[in-house]
Amino acid sequence: MHDGADLDRGLRLDAARTGRDALGWIVPNHALRRAGLAAALARPNVRLIDAAPAVQAQTTDALARLDADRGALPSLRARLLAAADRRFSAVRRQLGIGAEMGDFGRTMIVARVHHRLPHGAIAHECFGHARTLAMLPLPPSPDGSHASSAVLTVDTPEAADLLGLPPAGYAAFIAREFQHQLGPFALAGERHAYPLVATWAHRFAACRAALVGDAAVGMHPVTAHGFNLGLAGVQTLAALLAQARRRGQDIGAGTLLAAYDREHQRASRLIYQGTNAVVGLFTDARPLPRLLRQAVLRGADRLPPLKAAIARHLTGTLDTPCLTPALRIS
Ligand SMILES: Cc1cc2nc3c(=O)[nH]c(=O)nc-3n(C[C@H](O)[C@H](O)[C@H](O)COP(=O)(O)OP(=O)(O)OC[C@H]3O[C@@H](n4cnc5c(N)ncnc54)[C@H](O)[C@@H]3O)c2cc1C
């Protein structure tokens, strides 16, 4: 992690002494989606209904009901509805659950780039004056070109200008931002833009309904934890459902959903608030916050125990209590 693109200074982390080969892996979103779909289709009791967006969710003490667009399907009825329909969840609103929303006024532009020099499997996060650039190493392209994912965060008006640049102009801009440390860049795909809005649902559960994934907590991507947190929530809910089923209890019971709400809020709050604090400190271009973050990065780089703890946290080898396979419902 660097202040600006000065790669000689900043906080350097590696996987040494974590017992792992790497600090982490970059997994493209389409690969996650494909794996998730394959896992769902492999289960005989999962029925996939696509091309029929849900438009209306309603719950009563007895059951949950979901209706598809223009009556494309008969209503779905179940003892429990789990909503995972994005951070701007329509189902959340229909359930009467409000959400705290923080619009950062910034947009993240993600693009695959080719470069002349090898990246050495090192990820860089460069906090500049008004921009943040992450260079994330990717495997070589089929033609052998060195490849990275360039993730640029800028104010939304500047994002519109940058998206309007021709591919070569954008690649040259990114190379300049990275001070040409990997040689010249060429764009190797589309640019994808994501306006940055963090969301926190006021409750993660309602009568016969649970919010999972970004519908519960939509994180700023800087700490790269949103998807992981969504999986943790699914794990918590699944453990509670399995426990209720083993005991012959109602899987949509209020006590079960209250336990999910409590546990997932407990697991998410610190990382959500911590991430927002990191965003505040690391994207503030004023001189004082800049000095502070330079001090944080350089100071932390001189503290091997702290660096080791961060590396262990990133690799999941930190000795922290993990979720119990089955949570007690009180
Ligand atoms: C630029 C960027 C980088 C990120 N990087 C990381 C990272 O490095 N690590 C990490 O852990 N997380 C990362 N995240 C966060 C991660 O992408 C999200 O947390 C994750 O995608 C949330 O999954 P989800 O299924 O809850 O929601 P989504 O991925 O938003 O999926 C919601 C799905 O619901 C569907 N849907 C919506 N409405 C309806 C409806 N009415 N009926 C039927 N279907 C509907 C949508 O079509 C979509 O398929 C990043 C996010 C962004 C924007």
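Strand 7 and strand 8 form a hairpin, with four residues between them. The model is a predicted one. Strand 7 covers residues 124–127, and strand 8 covers residues 132–138. Their pairing is antiparallel and runs over four bridges.

Strand 7 has another neighbour. Strand 1, residues 2–3, runs parallel to strand 7, and two bridges join them. Strands of a sheet pair through backbone hydrogen bonds, in either a parallel or an antiparallel sense. Strand 7 takes part in both kinds, parallel with strand 1 and antiparallel with strand 8.

Which way do the side chains of strand 7 point? His124 and Cys126 point one way, while Glu125 and Phe127 point the other way. All four are buried.

Strand 8 leads on to helix 4. This helix spans residues 167–177, and its buried residues are Tyr170, Ala171, Phe173, Ile174 and Ala175. An α-helix has 3.6 residues a turn, so residues three or four places apart point the same way. The buried residues of helix 4 pack against strand 8, and also against strand 6 (99–115), strand 9 (146–155), helix 3 (156–163) and strand 10 (185–187). Just after the helix comes Gln179, with a positive phi of about 50 degrees.

Strand 13, residues 209–211, pairs with strand 5 in the parallel sense over three bridges. Within that pairing, Leu81 has Ala209 of strand 13 as its bridge partner.

Helix 6 spans residues 254–282 and holds His264. Is His264 buried or exposed? His264 counts as buried because its relative accessibility is 2%, and the cut-off for buried is under 20%. Which residues does His264 touch, leaving aside neighbours within four places in sequence? The contacts are Phe204, Ala216, Val217, Leu229 and Gly233.

Follow the chain past helix 6. Asp284 lies in the loop between helix 6 and helix 7 (287–301). Its relative accessibility is 17%, so Asp284 also counts as buried. Not counting residues up to four places away in sequence, Asp284 touches Pro289, Arg290 and Arg293. Pro53 gives a sense of scale: Asp284 and Pro53 are 231 residues apart in sequence. In space, the distance between them is 39 Å, C-alpha to C-alpha.

The last stop is the second largest pocket. The space within this pocket is about 150 Å³. Which residues line the second largest pocket? The lining is made of Arg12, Leu13, Asp14, Ala16, Arg17, Pro304, Lys307, Ala308 and Ala311. By class, five of the lining residues are nonpolar, four are charged and none is polar.

Conventions: Residues numbered from 1 in each chain as written. Predicted model: local features only at pLDDT ≥ 70, side-chain atom pairs only at ≥ 80, totals over all residues. Heavy atoms only, no water. Buried < 20%, exposed > 50% of the residue type's maximum accessible area, 1.4 Å probe, protein only. Contact = heavy atoms within 4.5 Å. Pairing = 2+ DSSP bridges. 1 Å grid on protein atoms, 1.4 Å probe; cavity = no way out; pocket = protein on both sides within 12 Å on 5 of 7 lines; lining within 4 Å. Points joined across faces, edges and corners; volume = space filled by probe spheres on them. Nonpolar A, V, L, I, M, F, W, Y, C, P; charged D, E, K, R; others polar.
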